[in-house]
Amino acid sequence: MDLPDDLLISAADEVRIRQHLALVALGKRPADRAVRVGRLLDVHGRRWHEDQEIVICGRRIAWVGPAGAYKGEVAERAERLNLHAVPGFGEVHKHIESSHLTPEHEAALVLPHGNTWTCEASHEFSNVDGPNNLEFWLTARRAGSPMKIFPLPGSAVPPTAYEWGGGHFGYDEQQSFLKQQLMVAGLDEVMDWPAVWNPENPSYERLWGMIRATFEQRGVVEGHAAGMRAIDDINAFAAAGMASDHEAWTAEEVRDKLRRGLFMELRPHSVKEMIGGLLAEGQQDWSQFALCTDDRSCSDTMKLGATDHNVRLAIEAGLAPEIAIQLVTINPARHMRLTPWVGAIAPGRFADLVLLDDVASLSIAQVWADGQQVSEGKTYSGPLPKIAWPGWATGTVNIQREMLAEDFAIPAEPGRQTMSAAILRPFHWADEFITMDLPVADGLVQRDAGRNVTKFAIVDRFSGEGLTSKMFWLGTGPKTPETALACSMGHDKHNIWVVGSSDAAMAKAVNALRETQGGWALVREGALAATVRYEVGGLMTCRPPAELDAEMQALYAAAEGIEWMYEPTFSPRWWPGFPERLAFATLTCAPWRWVLVAPSPLAPEGFVNVATGETHPIVW
């Protein structure tokens, strides 16, 4: 029978595939292959079954049961009697862009670690190129990649009403995404909580339009409740339709959110503390939990692992391996309403298998995806399609002029010797900004390295004009003279951010990113010292992981001799040293208040309180 290609899922093709699978399961049509394993984990009942056979047709499972019991014909057989089969691991919430690899290369990196499917939280590329967002996420699969990507269009496009460029999603866009493709699972994390609860917020109608479209198509509305601790707020968050949270840090916070019906997606940073604390309190039912990676770079994945790393942390925290495996298989699949396709070794699902040679340590011997073996040990052996990404993906840094030192200067009022300045610092969540008096020289307000004050700027990379907002920041960036660091990955709008000890160095760093079409640029003592190329979307590179990692290591090496500012009382595990975490310091979602964004109609200087809409001069 001529079956449709199920690399992508359409409703009409899905019906034909399942009609055929039913007949294969009954033995009335031949199967392609059968894999016999020593043990198989039924994640629905958390039970192991001995000496099992998995019958595969195309990319799907048609039949599962005791070895030798299948009645139909099988074209080829594979025996893995010394291995234990569990379902392919899934990511309930992940930004593939944060690996900085295009999807086909990221798939080759994580598949040997058991990760066969991902719910892509797509507000990174969405903010860079909203109109082509769905096309981007389906391209690698269409080209033959065995990784299943279930896109969730970004709710944060733009992240707040005070940002713009690259994409704008509302009711019409979300309805179109959900109707076009069954692989679109819902709405990515709703982060702008003030815009959800406050009808006066300028993003209120846009966000509720996306939520409405998601409800209409029976999708899942994912949440983001960072910093949310008050019981009233948690109740309101759940009442508004948010289905989950991945931002909890403590067992107490998890318990409070779980009780209000939120599906808890636990990230690695504190998974041991959260799971350990819940176990100590007597938590027995783990059906409302999943493990998620959220953001992890290619370099970190090469060192730590992928979804398998998250599972091992959960096991080390005290969970039974079978429960920990449920947290990356059936639980996230149920939550995201994807059980027809992933989450279990069961008929109708994609034939994705993780074959373990030791369950307790989660030692992975082989991974199968789409019914084929794709890894042996840590080595990927599956298909890696070669994709020539089009111009809309590779030409996203649109600055049609050379940036100058003057773009980063902050003029003083005539005759002043000092000026008052509004100052932020990385991860500034306070209700009010910091103020300091700063010196004036040559008519410009100056940095103050003696008090750890440097300059931070956001450069618009969408309009072509290079519109720039700038202000002073505390405890970050370089103290070394004529030094600057710039990056085109700046969550979540992904304009270019740059921090530096001189305006000329800042301009040089941004101009380097104009040439590379995104990535990192480090200027050290007036000379360009290192670049890392993210030529796809300014977020990713279409290259193997080792090549990207080599560039990152060269960047770190070039940064070692620089004196970086930091605040000893603030997040010492992130400072001192190369300030990579600044890519997250440009977030504008809760619990942020005062932030710096690219100049916009509602925030002409870019300095705005995203909770209230209030603006303020940067110097006065």
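Is His123 buried or exposed? In this predicted model, His123 counts as buried, because its relative accessibility is 1%, under the 20% cut-off for burial. The residue sits in a loop. That loop runs between strand β6 (115–122) and helix α3 (124–128).

Two polar contacts involve the His123 side chain. One, of 3.2 Å, joins it to the side chain of Glu124. Another, of 3.0 Å, joins it to the side chain of Asp492.

The secondary structure comprises 17 helices and 27 strands. The radius of gyration is 25 Å, close to the 25 Å given by the globule rule for 620 residues, so the protein is as compact as a globular protein of that length. Along the principal axes, the C-alpha trace spans about 95 × 50 × 45 Å.

Burial extends to 63% of the 620 residues. Contacts were also examined by sequence separation. Among those between residues at least 6 apart, 67% join residues at least 24 apart.

The accessible surface comes to about 22100 Å². Carbon and sulfur atoms account for 50% of that area. Charged side chains number 55 positive and 79 negative. The centres of these two sets lie 5 Å apart.

Terms used
Residues are numbered from 1 along each chain as its sequence is written. This is a predicted model: local features need pLDDT of at least 70, side-chain atom pairs count only at pLDDT 80 or more; totals for chains, interfaces and linings use all residues. Side-chain values use heavy atoms; hydrogens and water are left out. Helices (H or I, at least four residues) and strands (E, at least two) are DSSP runs, numbered from the N terminus. Buried means under 20% relative accessible area, exposed over 50%, partly exposed in between (1.4 Å probe, protein chains only). A polar contact is a pair of N or O atoms within 3.5 Å; within protein, one must be able to donate a hydrogen and the other to accept it, and residues adjacent in sequence count only if both atoms are side-chain atoms. The radius of gyration is taken over C-alpha atoms; the globule rule is 2.2 Å times the number of residues to the power 0.38. Contact means heavy atoms within 4.5 Å. Accessible areas come from the Shrake-Rupley method with a 1.4 Å probe; for residues, only the protein chains shown count as cover. Lys and Arg count as positive and Asp and Glu as negative; His and the chain ends are not counted. The place of a charge is taken as NZ of Lys, CZ of Arg, CG of Asp or CD of Glu.
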